[in-house]
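Please keep the sequence and structure in view while reading.

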Amino acid sequence: MILTYKTERLPLNFFMLGISLLLIGIALIISKSYQGIAAIILSIPFLFTHSGLLIDAENKRFKKYTGLLGLRLGSWCDLSRATHLQIIHTRETKGMAVLSIARNETNVVQKLLLMMPHERIVLLSDTQEKLEPMAKEIAVELELELKFPKG
């Protein structure tokens with residue numbers, strides 16, 4: 001069974017750029033200018049690009065991918081050496097600066113880590129309410145122990 005999780009989209013400013021290009025393209029086509037087709041084509045990656053995680057429990061492998069219109073680009077990684085899954089709490093700061101205006105946003109998030117003998121791989125990152133059911137489902141499918149944070 002292959003588990004599929006969408007993790008995130010492009011930032012809001014790129015999405016808004018895609019909407020702007022789409023609207024400009026439509027306006028240009030209405031005014032009988034064929035450059036509108038180019039604007040619409042350019043808007044597609046901004047509107048439909050996302051990232052995600054595929055877990056193939058039968059073959060013990062996973063893939064972090066970038067997707068566009070059903071095409072998922074990424075490479076498969078082996079899970080056979082995984083020892084357990086662990087959830088951790090962390091603070092995540094995202095910043096955006098445009099010209100002289102800067103904005104930082106700090107949130108408390110949980111991350112699901114895949115623990116290997118000599119490495120830790122972040123599989124998913126989300127709020128506690130969304131992450132825990134996904135983590136339990138992954139742990140059951142991969143037959144791995146799920147460890148929660150102490151506290």
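How much space lies in the largest pocket?

## Basis of the report

The model is predicted, with local features needing pLDDT of at least 70 and side-chain atom pairs counting only at pLDDT 80 or more, while totals for chains, interfaces and linings use all residues. Residues are numbered from 1 along each chain as its sequence is written, and side-chain values use heavy atoms, with hydrogens and water left out.

## The largest pocket

The largest pocket holds about 620 Å³ of space. A pocket is an open set of points on a 1 Å grid over the protein atoms alone, where a 1.4 Å probe fits and protein lies on both sides within 12 Å along at least five of seven lines; lining residues have an atom within 4 Å of a point. A volume is the space filled by probe spheres set on the points, which are joined across faces, edges and corners.

Of the 16 lining residues, Leu10, Pro11, Leu12, Lys94 and Glu105 lie nearest the centre. At least two lining residues come from each of strand S1 (2-9), helix H1 (12-30), strand S6 (84-98) and strand S7 (101-116); helices (H or I, at least four residues) and strands (E, at least two) are DSSP runs numbered from the N terminus. S7 contributes the most, with five residues.

## The second largest pocket

About 350 Å³ of space lies in the second largest pocket. Among its 17 lining residues, Thr7, Glu8, Leu124, Ser125 and Asp126 are the closest to its centre. Strand S8 (119-126) is one of the elements giving two or more residues to this lining, and S8 gives the most, with five.

## Packing of H1 and H2

The axes of H1 and helix H2 (residues 35-48) come within 7 Å and cross at roughly 160°; axes are lines fitted to C-alpha atoms, for helices over the stretch in contact, and angles run from 0 to 180 degrees between N-to-C directions. H1 and H2 are therefore roughly antiparallel to each other, a term for angles over 145 degrees.

Note on methods: Angles under 35 degrees count as roughly parallel, over 145 as roughly antiparallel, 65 to 115 as roughly perpendicular and the rest as oblique.
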